[in-house]
Amino acid sequence: MKFSMLLHSFCIVLGVVARCAPGTAAFSVPMPLAGCARGHPRECQLAARPRSSSCSRRRGRFVARMQEGDGEEINEREMTGLSDLSLLGAFGKLRAGLPTKTRELPKPSRINESFEIQCEKASYLLKINRHRPASIGFEGEAASQQALRFGGMMCPKALRVGDLPDGGSYMIQEFLDFDADALHEPDTQRALGILLAQMHLHHAERHQQFGFGLNTCLGTLPMDNSFCDTWSEFFVEQRLRPHFSLVVERFPEEARELILLAPLIFDKARFLLENDLIRPSILHGNLSPQRTAVVKWQRNDQELTRIYLTGPSSFYGDSEFDMAFEDWPLPETRTDFSPFFYRAYYSTIERRPGHAKRRQMYQLFHLLNGALMNGGTYLDSAVAMAFRFLA
C-alpha cells in the first residue's frame, strides 16, 4: 500500500516528461536577500521567481516500469486521469532517464516522507509532504539551502519544488551518500564549528535587516519572516509572542503561568536584545547533529570530505540563535554536538557578554515550539525555563 502511494506520487512527478517542451525552464527559488528595491544588483539577480513552463495542463497517461528494493521488476502500471499537471517538467528537465529503483528512507521526523529514486543516469532524493503546499514548506527550505550556500556552507541542491495535484507538495534534490560515522569524528566536529562560525560572520553587503525573503516552517509551524530593522522587534514580535499565543490557545489550563509571565518575558527580551553588537547573520534556524552530514570520497588516492547542512529553516538573525541548543534542558529529546564543535566555533566567534541569559530566551522559544508539536514534557520545561529566564 505504501509503495503504491509512492508509485502514484512518483508517476505524477515523472508523468510530465512526455508533456514538456524541450525548452522547459529549470526551477529557481527566490533568493531571500533584502534590498532589491534599493539597488542591490547581485541580490536581485538571485531573486527571480520560479519561471513558467510551456507544459500544457491536460489529462494524460503515463506508463512506468519501476523496481522494488530487491531488484524484482514490478508489473507495468498505468496512471490515468491526471487532471492537474502542475509539476511542470519535474523529472523530464533533469534528463536522468526513467526510474529503475526506489527505496524508502528512514523517517527522521513525522513531517515528510523521503525516498531515494534511482534513475538510469543519476539518483535523487524525493521528499513528499501530503499536508501543506510548497509555498508553506519546500519553497522556503529550497531558498534556505540557497542562502546557506551563499554564506559559504555546503547544502544539498534543490532541483524541483512543486505542489501535488491531490494536495501536498514535493521537493526533488540531489541524493548524497552520507557517512554517518564520520560526523562524530573530532576533526569533523572541529571543522563544522569553524565553518558555521565563518557562515555566521558572512554579512551580505548593505544587508542590515532581520528576516528572510520567504516564510519558512520550523517543524510543522509556519514562521513569519517579514523583514525588521531591529533584532529585538523581529524576535519578540515574530517568534516569541506568536508562540506564546499559540501555546496559550492550545493549552489554556496548563499554560496559565505562562499567561501571567508573558508581559515580563517580552519586556526582558526586548531589553536584552536592544544591542548594537547584534548583526544579521544567515542562520540554519534549527541546527542539530541530525541536520548535519558528511560526504567522503576518493580522488587520486586522497580521501576528501565535505560537510553539509540539511533541512534548514533559515533567516537573518542573531548568530547565538543557532547555538541555543548547547546545554539543552531536555537532552533525551535531541543529541548535541561534541565539545570539539563548540571550542572550534567559539575560537572563531567569541562569546558576547550576557550570552547565557540570551540562550535561556532562545531555548524558551524552542521549548514552546516543541510544546506545540509534542506537548507534554516540552510544555513543563517551557514553564520552568520562563521562571529561570526571569530570575
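Modeller: The accessible surface of the chain comes to about 18500 Å², and 50% of that belongs to carbon and sulfur atoms. Such areas come from the Shrake-Rupley method with a 1.4 Å probe, and for residues only the protein chains shown count as cover. This is a predicted model, where local features need pLDDT of at least 70, side-chain atom pairs count only at pLDDT 80 or more, and totals for chains, interfaces and linings use all residues. Residues are numbered from 1 along each chain as its sequence is written, and side-chain values use heavy atoms, with hydrogens and water left out.

Biologist: What share of the residues counts as buried?

Modeller: Of the chain's 391 residues, 52% do. Buried means under 20% relative accessible area, exposed means over 50%, and partly exposed is in between (1.4 Å probe, protein chains only).

Biologist: And how many helices and strands are there?

Modeller: The chain has 9 helices and 13 strands. They are DSSP runs numbered from the N terminus: helices are H or I with at least four residues, strands are E with at least two.

Biologist: Pick a strand. What does β4 pair with?

Modeller: β4 pairs with β5 (residues 123-129) in the antiparallel sense, over 6 bridges. Two strands pair if DSSP finds at least two bridges between them. A hairpin of 3 residues joins β4 to β5, and Glu113 has Ile128 in β5 as its bridge partner.

Biologist: Which side chains does the Glu116 side chain make polar contacts with?

Modeller: One is the side chain of Arg103, at 2.7 Å. Another is the side chain of Gln118, at 3.2 Å. A polar contact is a pair of N or O atoms within 3.5 Å; within protein, one must be able to donate a hydrogen and the other to accept it, and residues adjacent in sequence count only if both atoms are side-chain atoms.

Biologist: What else is Glu116 in contact with?

Modeller: Leaving aside neighbours within four places in sequence, its contacts include Lys101, Leu105, Tyr124 and Phe175. Contact means heavy atoms within 4.5 Å.

Biologist: Now Glu141. Where does it lie, and is it buried or exposed?

Modeller: Glu141 lies in helix α3 (residues 138-150), and at 11% relative accessibility it counts as buried. Not counting residues up to four places away in sequence, Glu141 touches Lys127, Met171, Gly311 and Pro312. Glu141 and Ser314 are 173 residues apart in sequence, but their C-alpha atoms are 7.7 Å apart in space.

Biologist: Different topic. How many disulfides does the structure hold?

Modeller: It holds 0. A disulfide is counted as a pair of cysteine sulfur atoms within 2.5 Å. As for cysteines, Cys217 is buried at 12% relative accessible area, and Cys228 is buried at 5%.

Biologist: Last one. Why say helix α8 is largely enclosed?

Modeller: Because 15 of the 20 residues of α8 are buried, the rest of the structure largely encloses it. After α8 comes Gly375, with a positive phi near 65 degrees.
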